[in-house]
Amino acid sequence: MSRKKEVNVPKKLIILILLIIIIALVFICKSIVTKNKSLNNNTVAGLDISKYKDYEVPIAYYYYGIQNKNFDVFLKAYPEFMGISSQFSADDLNNFYETYKDECGENIKIDYEIGDAVQYTEEQLADLENYLKANYQQEMQVSQAYTVNITEKYTGDKQTIESKKTQIVFQFNGQWYSL
């Protein structure tokens, strides 16, 4: 006949083991959430910036902000020192949108195509730094800059308005901005 031997495990040991398991699960869940947040750093208010070249990101912020009437995203196109938030408001952004709505009709859709981009030379970078110092009292080292050709289309129920423009984008402190 076989005898079963009972093992008495102290309750404190069981509680300690459960506590260790719970703490381990908390750390695992926290690391998963942190990993997912870092993966989503490429999305700003629904705009996936990972599909753009670095210098195109401020251009994407500009048009996405207008299309979606999102002033915060629109502001990301510009450095804080330019004071865009004190020069414009969300109402101005809505008025801009309404102007095209008046001309093009309802259901405005904004499309843009980024064309050629010409990288600044060292001399042009120095000129840009001098411009920023003179106009914004900002002494900084601009690491890169481009002049970017853009074709923009505002399409509504009545008509499409197409225009071409040139945008200067520049990088400092690892961030890209429009000028």
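These are my notebook entries on a predicted model of one protein chain.

**Entry 1: the overall layout**

I started by listing the secondary structure, and the protein chain comes to six helices and six strands. Reading from the N terminus, I wrote down the order α-β-β-α-α-α-α-β-α-β-β-β. I then looked up how much of the chain is covered: 30% of the 179 residues count as buried. The accessible surface comes to about 12400 Å², and carbon and sulfur atoms account for 51% of that surface. For contacts between residues at least 6 apart in sequence, I noted that 60% join residues at least 24 apart.

**Entry 2**

Next I followed the pairing of the strands. β3 covers residues 109-119 and β4 covers residues 144-155. The two pair in the antiparallel sense, over nine bridges. To have a place to look on screen, I picked Lys 109, whose bridge partner in β4 is Thr 155.

β4 also pairs with β5, residues 160-172, again in the antiparallel sense, and here I have twelve bridges. How many residues make up the hairpin that joins β4 to β5? The hairpin goes through four residues.

**Entry 2: helix α2**

I wanted to know how covered α2 is. Nine of its eleven residues are buried, so I have it down as mostly covered, with buried taken as under 20% relative accessible area. The buried ones are Val 57, Pro 58, Ile 59, Ala 60, Tyr 61, Tyr 62, Tyr 63, Gly 65 and Ile 66. After α2 comes Lys 69, which has a positive phi near 50°.

**Entry 3: the largest pocket**

I turned to the open spaces. The largest pocket holds about 220 Å³ of space. Its lining is made of Ile 49, Asp 54, Val 57, Tyr 61, Lys 76, Gln 171, Gly 174, Gln 175, Trp 176 and Tyr 177. The elements that give two or more residues to this lining are α2 (57-67) and β6 (175-178). Which element gives the most to the lining of the largest pocket? I found that β6 does, with three residues. Sorted by class, the lining has five nonpolar, three polar and two charged residues.

**Entry 4: the largest cavity**

Pro 58, Ile 59, Tyr 62, Tyr 63, Tyr 78, Ile 150, Lys 165, Gln 167 and Ser 178 line it. α2 and β5 each supply at least two residues of this lining. The biggest share comes from α2, which gives four residues. By class I count six nonpolar, two polar and one charged.

**Entry 5: Ser 178**

Ser 178 is part of the cavity lining, and I gave this residue a closer look. It lies in strand β6. Is Ser 178 buried or exposed? Ser 178 has a relative accessible area of 2%, so it counts as buried, the limit being under 20%.

I also listed what Ser 178 touches, leaving aside its neighbours within four places in sequence. Its contacts include Pro 58 and Ile 59, and both of these are buried residues of α2. Ser 178 is also in contact with Ala 77, Tyr 78, Pro 79 and Met 82. Gln 167, Ile 168, Val 169 and Phe 170 are in contact with Ser 178 too.

**Entry 6: two asparagines with positive phi**

Asn 107 has a positive phi of about 55°, and it sits in the loop between α5 (90-104) and β3. Asn 107 is exposed because its relative accessible area is 60%, and exposed means over 50%.

Asn 173 also has a positive phi, of about 55°. Where is Asn 173 found? Asn 173 is in the loop between β5 and β6. With a relative accessible area of 72%, Asn 173 is exposed as well.

Conventions:
Residues are numbered from 1 along each chain as its sequence is written. This is a predicted model: local features need pLDDT of at least 70, side-chain atom pairs count only at pLDDT 80 or more; totals for chains, interfaces and linings use all residues. Side-chain values use heavy atoms; hydrogens and water are left out. Two strands pair if DSSP finds at least two bridges between them. On a 1 Å grid over the protein atoms alone, a cavity is a set of points where a 1.4 Å probe fits but cannot get out, and a pocket is an open set with protein on both sides within 12 Å along at least five of seven lines; lining residues have an atom within 4 Å of a point. Grid points are joined across faces, edges and corners, and a volume is the space filled by probe spheres set on the points. Ala, Val, Leu, Ile, Met, Phe, Trp, Tyr, Cys and Pro count as nonpolar, Asp, Glu, Lys and Arg as charged, and the others, Gly among them, as polar. Buried means under 20% relative accessible area, exposed over 50%, partly exposed in between (1.4 Å probe, protein chains only). Contact means heavy atoms within 4.5 Å. Accessible areas come from the Shrake-Rupley method with a 1.4 Å probe; for residues, only the protein chains shown count as cover.
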